[in-house]
Amino acid sequence: MFSVRRRGVARLAAATVVSGLVAAGAMAVAGPAAADEGLQGTGGATATLGDLKIHDEVKIDGKPYSAGLFEMKVEPGGSIQTYCIDLHTDALKDQEYKEVGWDQSVLHNNKNAGKIRWILQNSYPQVNDLDALAAKVGAKDLTEKTAAAATQAAIWYFSDNADAQPVNEDAQALTTYLREKAVELEEPKASLSLNPSSVAGKAGERLGPITVNTNAAKATVSLAPGAPSGVKLVDKDGKVVTDVVDGGKVFFDVPAGTADGSAALNVKADTTVPIGRAFVSTKVKSQTLILAGTSTSTVEANGSATWAKKGAIPAVSAEKNCAKGGLDITASNEGDEDFTFELKGVKHTIAAGKSETVTVPLAEDQAYDFTIKGPNGFEKTFKGVLDCKPATPAPSTTPSTEPSPATAGGSTGGSTTGTTGGGDLAETGSSNATPMIAGIAVVLVALGGGAVFFLRKKKAAGQ
């Protein structure tokens, strides 16, 4: 297997009230868990990583890689195709991914992110007339496989500063064209987002608004099961709403006398996710991807409202902040008493009628699990992984003849555990083996010094 330097996972010592951060080992072997609630609030597409379906060989510094398009299944409906923008990070098959803005991904400080979007708009699969594309770039013939590999190679040039070259000569012509002609394009907007995702107030009032932003013709809105009797979703005039258009504002109408409590808002839309949106793993470290092709998909967002007769009435949301290397916790207080919570051993007090954003610093690839509690049973949990920097290659430049059990961009011949007739590739693909390997590593670490010897020996053999 080719060697890739893996960024360490640090532990964060402090926690919010009654909650700690997920330990580094637990992140590697964790079972199913909720995605970061802040990301859920901002909305968009959620998809599961599948196989590298359309690919061909490229070389980087003489090493062969499989390069091309991943297929992903959107939940609850639809499918998308993605390219890699994080070459030296393993892509873990069957992991859950979430649509995010560039500022919450490895593109947050990439000055060439707009050029990557131009490549996506001007090459395969957005341009599917391959004969015309070949003629345009001076190639004799392009297939789906060679066009996909050429496009991925051009993207890696701008995402990972990698001089990737297809082995196919016609594909080389396409890669050269895309690299030379690419110009900056603006970042695409989210398919669906809520602003803010959490509101608060007193019973007898309209709580909000929550603004729905979407590229769909309309989005349906509904109360989640369990909402107290009498609570409704209305517009600014108090009229009950079941769907909204882009920019629509939704309020929670909470009748006077309703017992202190909360309600959740579900928003859904059928749309095509804009080309160029980033997709990040929600539970474990896995390769960052970028949207290249899409069907009509169902996208979702969730919001909430909290109310009380008196005292502190908090609303809390979270969002990754890659520029600051952490998680922004935004807390507001619509009550008549102070709201106090704790982060990293520091108490934060939000005065009545005020709002404050606290950035919780995290190590790169750090798993986090925060729970913030408040009065009247208020509780908000935020889970996820901070993934803001592309991985860098290890010093080793010679790929091993052994198959790679965990790969970073695609598999050869549909296999994730070996290679096919074309020779051994330093593959950039997906694998289900990595969580098992990570779990074994955690057990060995727990055993103490013997684990250190094992890992050093393994590293030496890999290089």
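## Chat about a predicted model

Modeller: Let's start with a cap. Asn168 caps the N-terminal end of helix 6. One of its side-chain oxygens lies 3.0 Å from the backbone nitrogen of Asp170. Keep in mind that this is a predicted model.

Colleague: OK. How many residues does helix 6 have, and how far does it reach?

Modeller: Helix 6 covers residues 169–181, which is 13 residues. From first C-alpha to last it reaches 19 Å. That is close to the 18 Å expected at 1.5 Å a residue.

Colleague: Which residues of helix 6 are buried?

Modeller: Asp170, Ala171, Leu174, Thr175, Tyr177 and Leu178 are buried. They cover an arc of only 160 degrees around the axis, so they sit on the same side of helix 6.

Colleague: Why would residues a few places apart point the same way?

Modeller: An α-helix has 3.6 residues a turn, so residues three or four places apart point the same way.

Colleague: And what is exposed on the other side of helix 6?

Modeller: Glu169 and Glu180 are exposed there.

Colleague: Take helix 3, then. Is it mostly covered or mostly open?

Modeller: Mostly covered. Seven of the nine residues in helix 3 are buried. They are Ala113, Gly114, Ile116, Arg117, Trp118, Ile119 and Leu120.

Colleague: What covers them?

Modeller: The cover for helix 3 includes strand 3 (79–84), helix 5, helix 6 and strand 16 (289–294).

Colleague: Strand 3 has Ile80 in it. Is Ile80 buried or exposed?

Modeller: Buried. Its relative accessible area is 3%, and the cut-off is under 20%, so Ile80 counts as buried.

Colleague: What is Ile80 in contact with, sequence neighbours aside?

Modeller: Leaving out neighbours within four places, the contacts of Ile80 are Ala47, Phe70, Glu71, Met72, Val74, Phe279, Leu291, Gly293, Thr294 and Ser297. Ala45 is 35 residues from Ile80 along the chain, and their C-alpha atoms are separated by 9.9 Å.

Colleague: Now the core. Which residues touch the most other members of the largest nonpolar core?

Modeller: Tyr83, Trp156, Phe252, Val267 and Phe279, out of 85 residues in that core. Helix 5 (residues 144–159) gives the most to this core, with nine residues.

Colleague: Pick Val267. What is it in contact with?

Modeller: Again skipping neighbours within four places, Val267 is in contact with Leu192, Leu194, Val212, Ala219, Thr220, Val221, Val299, Glu300 and Ala301. Another core lies apart from the largest one. It has 21 residues, among them Ala318, Ile329, Phe339 and Ile372.

Colleague: Switching topic. How many disulfides does the structure hold?

Modeller: One. Cys322 and Cys388 form it, with their sulfur atoms 2.1 Å apart. The torsion about the S-S bond is about -75 degrees, so the disulfide is left-handed.

Colleague: Last one. What does the secondary structure of the protein chain come to?

Modeller: Eight helices and 25 strands. Of the 463 residues in the chain, 52% are buried.

Definitions and conventions: Residues numbered from 1 in each chain as written. Predicted model: local features only at pLDDT ≥ 70, side-chain atom pairs only at ≥ 80, totals over all residues. Heavy atoms only, no water. Disulfide = S-S within 2.5 Å. Core = buried A, V, L, I, M, F, W, Y, C linked by side-chain atoms within 4.5 Å. Buried < 20%, exposed > 50% of the residue type's maximum accessible area, 1.4 Å probe, protein only. Helix = DSSP H or I, 4+ residues; strand = E, 2+ residues; numbered from the N terminus. Contact = heavy atoms within 4.5 Å. Expected span 1.5 Å × (residues − 1). Arc of directions from axis to C-beta. Polar contact = N/O pair within 3.5 Å; in protein donor to acceptor, adjacent residues only side chain to side chain.
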